[in-house]
Number of protein chains: 2
Amino acid sequence: MAPIRFELIRTDGAARLGRIRTRRGDIETPAFMPVATQGSVKSLSPSDLRAAGAQIILANTYHLSLRPGHGLVRELGGLHGFMGWDGPILTDSGGFQVFSLTKLRKVSEEGVEFRSHLDGSLHFLSPETCVEIQQALGVDIIHPLDECLAQPATPTDTERSLALTLRWLARSVAAHRKGDGSQALFGIVQGGIHEDLRRRAVEATVALGLDGYAIGGLAVGEPTERMYDITALVAHLLPRDHPRYLMGVGKPHDLVEAVARGVDLFDCVMPTRNARNGQVFTADGPLTISHSRYARDPAPLEAGCPCEGCRGFSRAYLRHLFMARELLAYRLLSLHNVTFYLGLMAAMRRALAAGGFRAFRSRFLDRYGVESHDGSPDSTRDTEA
Amino acid sequence: MAPIRFELIRTDGAARLGRIRTRRGDIETPAFMPVATQGSVKSLSPSDLRAAGAQIILANTYHLSLRPGHGLVRELGGLHGFMGWDGPILTDSGGFQVFSLTKLRKVSEEGVEFRSHLDGSLHFLSPETCVEIQQALGVDIIHPLDECLAQPATPTDTERSLALTLRWLARSVAAHRKGDGSQALFGIVQGGIHEDLRRRAVEATVALGLDGYAIGGLAVGEPTERMYDITALVAHLLPRDHPRYLMGVGKPHDLVEAVARGVDLFDCVMPTRNARNGQVFTADGPLTISHSRYARDPAPLEAGCPCEGCRGFSRAYLRHLFMARELLAYRLLSLHNVTFYLGLMAAMRRALAAGGFRAFRSRFLDRYGVESHDGSPDSTRDTEA
């Protein structure tokens, strides 16, 4: 039996309503995955995540392999047992982190040598060890090692990099086949901002018949419009019967725009990181809780929001906590933002189920305050260390 | 009707089982009050506190009057409404903080001028304004401004200071009488480590017929044995029919020793502050979660503990969170320590109810690893800013 099954329930233009079935529960799509970089969605407990409506979370292979180490995680029951989350978990390959967080990297055909961002110790990651680490973590959906090219990159560099990523992919598939069959393997489509390379990447990746497909290498500084276009192109080329995951994206309106272009799965550190910086997401756009206009505001962050922060506390109190650097502020604002993101996905699914996604999208963007893609650089993709 | 009523249920030697009735709920004594210095028990929400078994919390007049300001708190429903805690709240007078946190203090008959530890701004606190601030906060039990003398102090200085504290107390009582009668006023017994001055302090304070009596000026660096002796003396002199509160104490074994000497109420920042430093309280004594011996330990912090940290997570995972500086570590360790403190009080109450406090005390101290008072300086009293 396949480790995951994707059911396409309904489409509305390119947008898709679906369901990913896993042995640890169903994921209604389009879905957002809160990010548990180090095995914890920052400041939130598994019960907080359930209360917020999370059906799947993402963890970072790179971080966990360095600390506490994947061997230790395996010994303590795999990542699910270790962190107390019994729902599905997806891990990235660590490629993005190796190429964005570490120094003194040496990329070879064999893999990539790098120094840990924690202590400078030397490590080597190959497509095979990358799969082995994710097997030790025991998660539900894993990813192959890919090269994440610094942007902007020339077409020639991008082509060379894509070829390496594809050769690594073939080795990852072989390593994955040696596993027990309990984990799904997604392919990562690279190719930068070059349409022809993206087409070639899709063709070569899909030829391997993987369980799902990630769109990588976006939200790393390119103009938003370009990100949307590449997303639309790749999603259009991918097979209908597998989930599509846009890595590291993004802002609330990015999620709506990407769903409109056929994406099913998302992850991003924005809801938690921005919460810790005092930025609160609401349907009327983001608000900055430290602003003096909230000092005596008895209203909740967002009327009608079911999160613990909105049910029990005023903006005035949350602003006080934030100004006084009380840890409770980070938790309650994070809980709100994650609840907002997951609520947005649920609202998109309801609109898709009712055949009203187009109207939802325009209503949402209008109220949120985004009229059109402004072409400003977008770099939501990052890890949260 | 009196704002609070104390019921003495049973005694066992000097130890007392009782109940403080307030319009916001009963407090079973002996009781421990988690400390919400700035209107938040650090990292915990009101529902966390309820889950841990808290029946009353303490907040700091000094901190709240400076930030966000008592006027703002009153405007937003008083401290109960502001912070979302509907149980009883006790505030200290701010005297301890003015004398321990601020610089450039000027003490006069009228009151004390000081500079804020936040921004250096100049403030003046008199017995009357101190009562007014606590009225604005709308809490259930308030305290009069007292002078907290730096230790060690000469008998002459202590006597002079006590006389001022007593004159301030008379003014506080007059200011309190102008209130709406909804708040209880405790007296604070000062007098340093001098038995004759403590006797005089008790006499003069009790003569005013207050709702309860706090024992101040201890746990500020004096030998533990001396702290116990002064506590025993003062508790012995205080009337039986009112609650006795030992301010800012202390370590788990201090609570047991002070209950044995007739104390009913406690507060201390240790459970939360020490949690943030990785110290975890258990019946077998404290453990340091960062220790490598816990790296692969699948056991909970303490077997049988009902807190969220112990129900869902291993020491290995909590150690990982702590080493990785994940915010969830601070919350779960704080929740455990507060649960431990409140559980210890509940265990003492059960032992008192069953007439077995003496056996409980010796069993607890034996297992906890404290054989006798070691005479080492003790300074658990502090605020948590």
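**View 1. Domain 1 of chain A and domain 2 of chain A, with C-alpha centres 27 Å apart.** The model is predicted; local features require pLDDT of at least 70, side-chain atom pairs count only at pLDDT 80 or more, and totals for chains, interfaces and linings use all residues. Residues are numbered from 1 along each chain as its sequence is written, while chains are lettered from A and ligands numbered from 1 in the order in which they are written. Domain 1 spans 4-270 and domain 2 spans 275-368 in the assignment for chain A; such bounds come from an automatic or database domain assignment.

**View 2. The side of domain 1 of chain A that touches domain 2 of chain A.** Here 23 residues of domain 1 are in contact with 25 residues of domain 2 (C-beta atoms, placed from the backbone, within 7 Å). At least two residues each are supplied by strand 1 (4-12), strand 2 (15-22), strand 4 (31-33), helix 1 (46-52) and helix 10 (252-260) of chain A. Helices (H or I, at least four residues) and strands (E, at least two) are DSSP runs numbered from the N terminus. Helix 10 of chain A gives the most, 6 residues. By class, this side of domain 1 has 14 nonpolar, 4 polar and 5 charged residues; Ala, Val, Leu, Ile, Met, Phe, Trp, Tyr, Cys and Pro count as nonpolar, Asp, Glu, Lys and Arg as charged, and the others, Gly among them, as polar.

**View 3. The side of chain A that touches chain B.** In this interface, 34 residues of chain A are in contact with 34 residues of chain B. Elements of chain A that give two or more residues are helix 3 (70-75), helix 4 (78-83), helix 12 (308-312), helix 13 (315-323) and helix 14 (327-353). The largest share, 5 residues, comes from helix 13 of chain A. The chain A side comprises 18 nonpolar, 9 polar and 7 charged residues.

Conventions: Contact = placed C-beta atoms within 7 Å.
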